[in-house]
Amino acid sequence: MTDTCFRMKGTTLTSIVLEVIDFDPDTFESQLAEKINSAPQFFTRSSLILHLVKLLSATEFELLVALCRRFKLQPMAVRGEVGALRSVINDLGLADVSQSKFTESSLKTTKPESTALKEQAANEPAASSPVPTPAAATKPVKVISRPVRSGQQVYAEGGDLVITAAVSEGAEVLADGNIHVYGTLRGRALAGVKGNVHARVFCQSLDAELISIAGQFIMHETVKASCWKQPAQIYLEEDTLHIEPIA
Amino acid sequence: MAKIIVVTSGKGGVGKTTSSAAISTGLALAGHKTVVIDFDVGLRNLDLIMGCERRVVYDFVNVINKEATLKQALIKDKRTDNLFILPASQTRDKDALTIDGVQAVLNELKEDFDFIICDSPAGIEQGAQMALYFADEAIVVTNPEVSSVRDSDRILGILQSKSLRAEQGKPVKEHLLLTRYNPLRVESAEMLSVADVEEILAIPLLGVIPESEAVLKASNQGQPVILDLEANAGQAYSDAVRRLLGETIEHRFLEAEKKGFFKRLLGGK
Ligand SMILES: Nc1ncnc2c1ncn2[C@@H]1O[C@H](COP(=O)(O)OP(=O)(O)O)[C@@H](O)[C@H]1O
Ligand SMILES: [Mg+2]
């Protein structure tokens with residue numbers, strides 16, 4: 001046993017940014033309800049950054065936070081027109097991140113978005129959700145049209161890997177995004193190698209030695225148990241890899 | 001323009017040298033001026049199979065080191081016109097072959113020959129890579145068993161990544177030669193079938209050579225088995241050579257012989 005009780009590490013996290021352009025409690029509530037109903041699972045327990053475009057009073061701000069929580073959003077930080085709200089922010093257990101740097105992307109949900117919500121992109125999405133993940137508009141795709149042979153390794157950095165042939169036993173294919181194999185997958189396939197828990201592996205015929213998504217993996221014995229030599233997809237849900245047939 | 005063909009496999013003892021001897025003889029018989037080079041430095045098997053071991057004076061390494069000219073080292077086959085052998089050296093020094101040296105010899109041979117057949121040593125390291133580096137085409141010799149198929153797969157990966165052609169973005173043409181094929185053992189599931197191997201390796205099938213006692217007999221006599229017109233292994237090699245030259249011929253000897261001794265023994269009521 002070691003004496004160390006904890007370790008501190010840095011991480012990046014994708015979260016939703018809620019830009020507050022105007023705040024009339026009733027209108028705000030109905031617009032927020034509509035937005036969330038467009039993709040309920042996506043928003044449930046999403047971590048949230050409140051971006052105050054409009055300067056709010058302390059009461060308005062408290063109301064805003066309460067509203068968000070009622071819709072099962074989890075505000076964790078505030079930026080923008082923070083002004084005199086510092087002590088309220090503190091009292092509500094939130095962080096003031098008005099001095100931090102951000103990279104942003106637009107948010108894709110199933111319905112057209114309102115102007116109220118924006119999303120922040122990073123390598124590690126915050127929580128797993130069964131709806132499509134927000135993604136940058138164009139991710140590079142690497143396409144391989146010859147068999148990947150034993151002893152060979154192919155890595156698609158920053159995006160998806162598409163292989164239109166077989167992956168041999170003893171070969172290894174990796175991607176930061178999804179992996180598609182339009183042939184028999186006999187080797188190792190590692191998707192989401194930089195931690196993307198939404199990455200998936202798809203193959204025409206499943207006979208893999210190992211499948212890994214965001215570091216979670218299963219070996220051939222487990223793979224053999226379902227969809228063996230069948231078209232299948234593998235995805236991560238609640239820290240477990242699931243194998244599912246594709247028609 | 002001469003074609004350089006490597007006979008390779010990864011695994012040892014699968015029939016590379018037997019196949020190199022048979023195929024080069026077949027090409028020469030078809031009227032193509034052919035040279036077969038033994039890249040297996042240290043083992044020197046090809047000259048035995050070709051029955052010219054007593055006529056070896058200089059070898060491949062001597063030519064590379066400029067201790068002899070190509071003309072001095074090439075052995076003209078006694079039985080078959082148009083056929084020459086460049087034997088390997090007995091030296092233990094595995095680094096005796098250099099890329100530049102090999103290239104110089106191949107360039108000189110290209111002037112005179114239609115086909116240059118390179119008999120590769122086993123393995124996937126230096127020696128095997130040297131034999132395949134300059135190849136235009138590859139005959140991948142595979143036995144119908146898992147470890148041999150796996151090694152062939154590895155060598156195919158190396159052909160696609162570490163050959164000169166791969167570096168130039170022009171793939172090496174691949175041929176599968178399945179040897180020591182025993183239909184009875186395939187039927188009893190002791191061996192992989194032609195279809196199994198084709199499915200895994202996914203390259204065009206050049207030929208299937210049956211397991212045959214004629215091969216051992218031929219190598220003891222120092223006479224390539226393709227010259228044994230009675231033997232099914234010899235006939236299968238002849239077919240493979242014709243396919244290599246562009247003909248389309250049906251594959252033979254894939255099924256166990258109906259009147260075979262075993263069939264009668266097992267099937268007789
Ligand atoms: N079709 C065959 N049937 C029976 N024996 C074979 C056949 N092909 C090769 N052999 C035997 O297998 C052994 C290895 O063959 P060889 O050609 O020297 O392989 P490699 O060059 O790949 O090491 C030899 O004893 C040879 O006689
Ligand atoms: Mg040999």
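Between chain B and chain A there are 8 residue pairs in polar contact, both residues at pLDDT 80 or more; a polar contact is a pair of N or O atoms within 3.5 Å, where within protein one must be able to donate a hydrogen and the other to accept it, and residues adjacent in sequence count only if both atoms are side-chain atoms. This is a predicted model, in which local features need pLDDT of at least 70, side-chain atom pairs count only at pLDDT 80 or more, and totals for chains, interfaces and linings use all residues. Residues are numbered from 1 along each chain as its sequence is written, chains are lettered from A and ligands numbered from 1 in the order in which they are written, and side-chain values use heavy atoms, with hydrogens and water left out.

**Interface of chains A and B**
- The two chains share 4 salt bridges (a side-chain nitrogen of Lys or Arg within 4 Å of a carboxyl oxygen of Asp or Glu).
- One of the salt bridges joins A:Arg149 to B:Asp153, with the closest N and O atoms 3.0 Å apart.
- Contact (heavy atoms within 4.5 Å) involves 14 residues of chain B and 11 residues of chain A.

**Surroundings of ligand 1**
- Ligand 1 is surrounded by 13 residues, with B:Gly13, B:Lys16, B:Thr17, B:Thr18 and B:Arg180 the closest; a residue is near if one of its heavy atoms lies within 4 Å.
- An oxygen atom of ligand 1 lies 2.8 Å from a backbone N or O atom of B:Lys16.
- A polar side-chain atom of B:Arg180 is 2.8 Å from an oxygen atom of ligand 1.
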